[in-house]
Amino acid sequence: MKRFEGAGGKKPGAVPVKRSFVKARPASAGPTRSAEEAQAKVSPARRVAFEILLLVGAGKGHNDELLHGVRTEELSPEDRKLATALVMGVLRWEIALDARVRNFLERPEQKLPEPVALALRMGAFQLQHMNRIPAHAALSESVELCRAAGHPHATGMVNAILRKVAAAQKPKERIFESTAAFAERLGHPRWLVERWVEHYGRDAAIKICEADQEEPASGGLFAISDDEKMPQMDDGSRLVAEIAAAAAPVVEDRALRVWDCCAAPGGKTLMLALRTEGDVLASDVSAKRTAHMEARLRRFPYGAKVRGVVSDAAKLAEEEGEFDLILCDVPCSGTGTLARNPEIRQRLKPEELARQALRQREILAAAMKRLAPGGRVVYSTCSLEPEENERVVEAVAGAEWRRVGVDRLIGRVEGLRQDLGSAVRDGQLRTLPGVHACDGFYAVVLERASG
Ligand SMILES: C[S@@+](CC[C@H](N)C(=O)[O-])C[C@H]1O[C@@H](n2cnc3c(N)ncnc32)[C@H](O)[C@@H]1O
């Protein structure tokens, strides 16, 4: 976890007090400080982080959108950094922080109201992971957040628990930890980590968990390019797009036809447009996401080779015809991207993997039907779960399909800084966070066995 290097306590500054999460206090509650007064004592960065975390926890928004939305516009750059560090850090460490707090509760099994649990979590996060934040600021502002959110009776408990968290030694790492123990220590749900241990082994599972707790850094897998033509994207996405581009078959006497069938927000589409000679059709089922993608494409000269369409991949209009190269970068659980999208671990339920797999099979099967003779399909996800990856391919691609060796295609990708030999097995790519210098991605390239 990167330590926050910015401001510690409350900043002077005239940020207006928002009433968004301030709860009215009944008159019968006596002369204690009001919720408004309490909120005025909270620094703008912590107030905004608290609001955003409440919304994310209630499933009312994605942290990335909220952190780039109206709430953070009013913040100074320094406060925006602190709010971002708090939101991302609390989401990454939520499971471990809650376990720590539970240790000090009189009744560890009791269910606290969410704003109280969040005030404790935010306080504990600052005390344990942000060594530049003074303990008194972390503690007193958590108490005020709890009061401002309408829980004045819980403030004594929040104060007492956070004092205990501050005073306690960090738990020592044991010489041997069970999967449950290191999953909790590293802030992951046990069921998910048990799967990774089963599929990738204990050492790799620990590395994945550790990588998920870090700020994702780019430039690990590819040499940083100062080529202004390059679209901005994370290294894992770039790797998949470069492999897809390297898989483009040679066509004679006509332009190559490329279809990116789950294209928004268009990162891989742009790489395909940059790297291939083809005309690219970029479709996505979401009209809003397609509109954002089209705006992004317009910022690059080679984006002009791309035509955006709103369409379910399984229902693309017949008149669009057949394609030589199809990229199915399907929607998935995203378990390879927990450093970037930490809240996935809180939301995802094991039963959801089967639902994702069903949709993925439909998309891949539909795409394969649109392949021109000699064409190739690239199927990819940012999931670490076999049900969404090799199992989908096994279910859809029968004996008439064969894999094009990904190792051969990787050999054509320029600028790679890491040997990806360990990421290729049975002709398929499988990167693991912490093991490879990028997020977790799966990719396979398929063509008809008859050619
Ligand atoms: C993993 S994202 C694609 C990311 C994109 N390829 C990129 O690199 O920027 C999956 C996309 O699939 C879209 N999607 C979901 N179901 C779909 C379907 N049935 N047909 C087409 N697109 C779909 C989602 O709206 C989402 O934009």
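Leaving aside neighbours within four places in sequence, which residues is I326 in contact with? The partners of I326 are W259, C261, A367, R370, L371 and V377, where contact means that the C-beta atoms, placed from the backbone, lie within 7 Å. Welcome to a quick tour of this predicted model, in which local features need pLDDT of at least 70, side-chain atom pairs count only at pLDDT 80 or more, and totals for chains, interfaces and linings use all residues. Residues are numbered from 1 along each chain as its sequence is written.

**Confidence**

- The protein chain has a mean pLDDT of 91, pLDDT being the predictor's confidence in each residue, from 0 to 100.
- A pLDDT of 70 or more is reached by 92% of the residues in the protein chain.
- For the complex, the predictor gives an ipTM of 0.99 and a pTM of 0.89.
- Residues 1-19 stay under 50 in pLDDT, and the model has 38 contacts beyond four places in sequence for them.
- Residues 27-31 also stay under 50, with 1 contact beyond four places in sequence.
- Where pLDDT is low, the predicted coordinates should not be read in detail.

**Nonpolar cores**

- The largest nonpolar core has 62 residues, and I243, I326, C328 and V378 touch the most other members.
- Helix α12 (residues 235-246) supplies the largest share of this core, 7 residues; helices (H or I, at least four residues) and strands (E, at least two) are DSSP runs, numbered from the N terminus.
- Another core, of 61 residues, lies apart from it and includes V101, C146, L162 and L338.
- A core here is a set of buried Ala, Val, Leu, Ile, Met, Phe, Trp, Tyr and Cys residues joined through C-beta atoms within 7 Å.
- Buried means that 20 or more other C-beta atoms lie within 10 Å of a residue's own, exposed means 12 or fewer, and partly exposed is in between, with C-beta atoms placed from the backbone.

**Domains**

- The protein chain divides into domain 1 (31-167), domain 2 (179-212) and domain 3 (235-448), with bounds from an automatic or database domain assignment.
- Taken over C-alpha atoms, the centres of domain 2 and domain 3 are 26 Å apart.
- Domain 2 gives 14 residues to their contact and domain 3 gives 12.
- On the domain 2 side, α10 (190-200) and α11 (202-212) are the elements that give two or more residues.
- That side of domain 2 has 8 nonpolar, 2 polar and 4 charged residues; Ala, Val, Leu, Ile, Met, Phe, Trp, Tyr, Cys and Pro count as nonpolar, Asp, Glu, Lys and Arg as charged, and the others, Gly among them, as polar.

**Ligand surroundings**

- The ligand is surrounded by 19 residues, of which C262, G267, K268, A313 and D329 are the closest; a residue is near if its C-beta atom, placed from the backbone, lies within 6 Å.
- This shell around the ligand consists of 10 nonpolar, 4 polar and 5 charged residues.

**Backbone details in loops**

- A264 and P265 are joined by a cis peptide bond, with omega about 5°, and P265 sits in the loop between β1 (257-260) and α13 (267-275).
- D253, in the loop between α12 and β1, has a positive phi near 65°.
- D253 counts as exposed because it has 4 C-beta neighbours inside 10 Å.
- D426, in the loop between β7 (424-425) and β8 (428-430), has a positive phi of about 50° although it is not a glycine.
- With 10 C-beta neighbours inside 10 Å, D426 is therefore exposed as well.

Note on methods. Two residues are in contact if their C-beta atoms, placed from the backbone, lie within 7 Å.
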